[in-house]
Amino acid sequence: MQARFTGLWVTLALVLLGFIWFVERRWEEPPRGPRPLLAGWDPAEVVALEVRRPHELPLRVARQDGTWWLETPLRDPADDRRVEALLEALVREPVFTVLTTSELLERPDALAEFGLDTPRVTLRVQAPGKVVQIQFGDRTAPGDQVFVQVVGEGELWVVSSEVLRRLPTQPADWRERRWVRVSSGDFDRLTVSNQLGRFALERTPENGRWRLIEPLRARADAERIQTLWQGLAGLEVLEFVADDPGADPEFYGLAPPSLALGLWRGTNLVGRFEFGRSPSNQADRVYARESGRAAIVTVASRPVGAWQVGYAEFRDRRLLRWEGQVAAVEFLGSENFAVHRLPVGWRILPWDLPADEPLMEGLLDLLGRLEVAEFVKDVVIEPDLARFGLAPPQRQIVLRRAAQGAGDTNTVLGEIQVGLTQDDKVFVRRPDEPAVYAVRASDLAALPTAFYQLRDRRIWRVPESEVERVIVHEGSRRREMIRHDAHAWTLAPGSQGIINSLAVGEAVRALCELDAMAWVGVGEERAKEFGFERVGWSVTLRRRDGQALTVTFARLREELPLLGMVRLEGQPWLFVTSPVVQELAQAYLKLPPEPGS
């Protein structure tokens, strides 16, 4: 070897050694899996997908403003959910290597063997700055996987056939089947045109409540609107019938449509949906189309049919609606009084009497459920109110909230004025509306007409062990009974007759927790009306401390309930007794008839 070539041979040897050390020693076959099909891809970056099958038109979807659209073979909204599910499967579903690059080179017929020489499906995925094509071949023998190859990568893989199942076979597979793609917050006005006419609803910006604004201005039934809107929002396309813009709309009952709904935000039309007739022998569906969209489809008929009514069906039949807590209820009429909510409970003013808590809660519930039975007249001028008994009204009920400050004078939550009764209906109105309504007389019958009806129905609570004597008076006759021990009663000296000791004990126990089923009056005159002076008899519970509690009973006729009377605030208060008190007091605490009577 000549000396001048020595340096060259040494350099070549060092290069060869470096190649062996840094490349050949460290090179290995790609792992056989698992790995994602689209490794390193972010589904949010994908802007287009295209599916090609042999001898068929390609299906292409593209993302526009965050929404997927079908672009070929026709333009229509795409089903975001299905497209995103496919992308998620592409980046998440693992693939397993079947043949590496070197193994493919050793088997020149491998692509044909696995159905990839002429791919069954080719999927083209596009993102900014990069494009990839995935080819799908035959399924594996069990059918749960499919052979795939990414163009430009040498390996051949298998992936779950679930990925293949997510690829569309026809345009309808990727088309959006949600027929109404508008949320309730996207519009504030709704116009309805049907065979009964046209009307419009509007959501007020102040409180978000719906109002009828055409053909008249009135409160609208928000619950009904919400329910019917949910039915529309849930409509799914049952069948894509036609996509030709020149299709005859009359054939589908869409010229004119039997129902048209317009959704508006201010003066901007958000969407217009038209519905026509039902296909032959398919009454459960109707033809439909959307303005600006060529497709004619079928959807379920029931949610659509609910809108085929007149505007009156959308009026709010609830007479009163309010927000916040009621602090006071005022009753104005032949007798004026109010019930105020205080920290210690409800109080009846101006007498400062305790009101019955359950009665007040029931009263507010009743007022909140009062429904209009008939819309008598939509606009009534002041001179015409008299014929409805509303000038002046016979009664008024005003609900008030608590004042928010010294200058807060607008505390009214709701008010109704009650007029004449005609047949089984009562004319009523709200001062803030021009209309006169009718409500069922039976619904108003439960409303109090006098302050005493709302008094606390608990009369007294006495520990049974504190009662040592019971005295019964009926006219000039008297009977006295003494507690003998915890469960026995005997006649006091001078009292005659026979008593049932255990039964007397039960009757006394019932009187120790005396309640009124209902208050029926207060005052001496009312006591006379109910015959307490003529047919009354009394029972007095005498406690160990000397306090005496007396209740007087009277029954005008046998078919009527037993009434009770107690003196509260120096006046007789009359009430209907409970069934238990009626039975026990009548049977065991009433003196027997005199001989010969």
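This is a predicted model: local features need pLDDT of at least 70, side-chain atom pairs count only at pLDDT 80 or more; totals for chains, interfaces and linings use all residues.

1. Trp-519 belongs to strand 34 (residues 518-522) and Trp-573 to strand 38 (residues 571-576), so the contact ties together parts that are 54 residues apart in sequence.

2. Are these two tryptophans buried or exposed? Trp-519 has a relative accessibility of 5% and counts as buried, and Trp-573, at 2%, counts as buried as well; the cut-off that matters here is that buried means under 20% relative accessible area.

3. Trp-519 also forms an edge-to-face aromatic pair with Phe-575, with 5.7 Å from centre to centre and 70° between the planes. This pair, too, links distant parts of the chain, since Trp-519 is in strand 34 and Phe-575 in strand 38, 56 residues apart. Both Trp-519 and Phe-575 are buried.

4. Arg-224 lies over the face of Phe-314, at 5.1 Å from the ring centre, while Arg-277 lies over the face of Phe-251, at 5.1 Å from the ring centre.

5. The largest pocket has a volume of about 790 Å³. It is lined by 32 residues, of which Arg-209, Arg-219, Arg-430, Asp-432 and Glu-433 are the closest to its centre. By class, this lining comprises 14 nonpolar, four polar and 14 charged residues. At least two lining residues come from each of strand 13 (210-214), strand 14 (218-219), helix 7 (222-233) and strand 26 (412-422), and strand 26 gives the most, with four residues.

6. The second largest pocket has a volume of about 200 Å³. Its lining consists of 14 residues, and those nearest its centre are Leu-359, Ala-446, Pro-448, Gln-453 and Leu-454. The classes here are eleven nonpolar, two polar and one charged residues. Helix 9 (357-369) and strand 34 each supply at least two residues of the lining, with helix 9 giving the most, namely four residues. Strand 34, which contributes to this pocket, is also the strand that holds Trp-519.

7. How many cavities of 30 Å³ or more does the model contain? The count comes to four, and about 50 Å³ of space lies in the largest cavity. The residues lining the largest cavity are Ser-184, Phe-187, Leu-190, Arg-203, Trp-210, Ile-225, Gln-226 and Trp-229, and by class they divide into five nonpolar, two polar and one charged residues. Helix 7 provides the largest share of this lining, three residues; helix 7 also supplies at least two residues to the lining of the largest pocket.

8. On strand pairing, strand 6 (residues 94-99) has two partners to be recorded here. Strand 1 (residues 35-36) pairs with strand 6 in the antiparallel sense over two bridges, and in this pairing Pro-36 stands opposite Pro-94. Strand 6 also runs antiparallel to strand 10 (residues 156-160), to which four bridges join it, and there Val-95 stands opposite Val-159.

9. A last point concerns Glu-88, whose place is in helix 2 (residues 80-92). Glu-88 has a relative accessible area of 36% and is therefore partly exposed, as that class lies between the limits of 20% for buried and 50% for exposed. The C-alpha atoms of Glu-88 and Gly-276 are separated by 38 Å, and the two residues are 188 residues apart along the chain.

Notes:
Residues are numbered from 1 along each chain as its sequence is written. Side-chain values use heavy atoms; hydrogens and water are left out. Buried means under 20% relative accessible area, exposed over 50%, partly exposed in between (1.4 Å probe, protein chains only). Rings of Phe, Tyr and Trp (its six-membered ring) pair if their centres lie within 6.5 Å; planes under 30 degrees apart count as stacked, over 60 as edge-to-face and the rest as tilted. A charge sits over a ring if NZ of Lys or CZ of Arg is within 6 Å of the ring centre and within 35 degrees of the ring normal. On a 1 Å grid over the protein atoms alone, a cavity is a set of points where a 1.4 Å probe fits but cannot get out, and a pocket is an open set with protein on both sides within 12 Å along at least five of seven lines; lining residues have an atom within 4 Å of a point. Grid points are joined across faces, edges and corners, and a volume is the space filled by probe spheres set on the points. Ala, Val, Leu, Ile, Met, Phe, Trp, Tyr, Cys and Pro count as nonpolar, Asp, Glu, Lys and Arg as charged, and the others, Gly among them, as polar. Two strands pair if DSSP finds at least two bridges between them.
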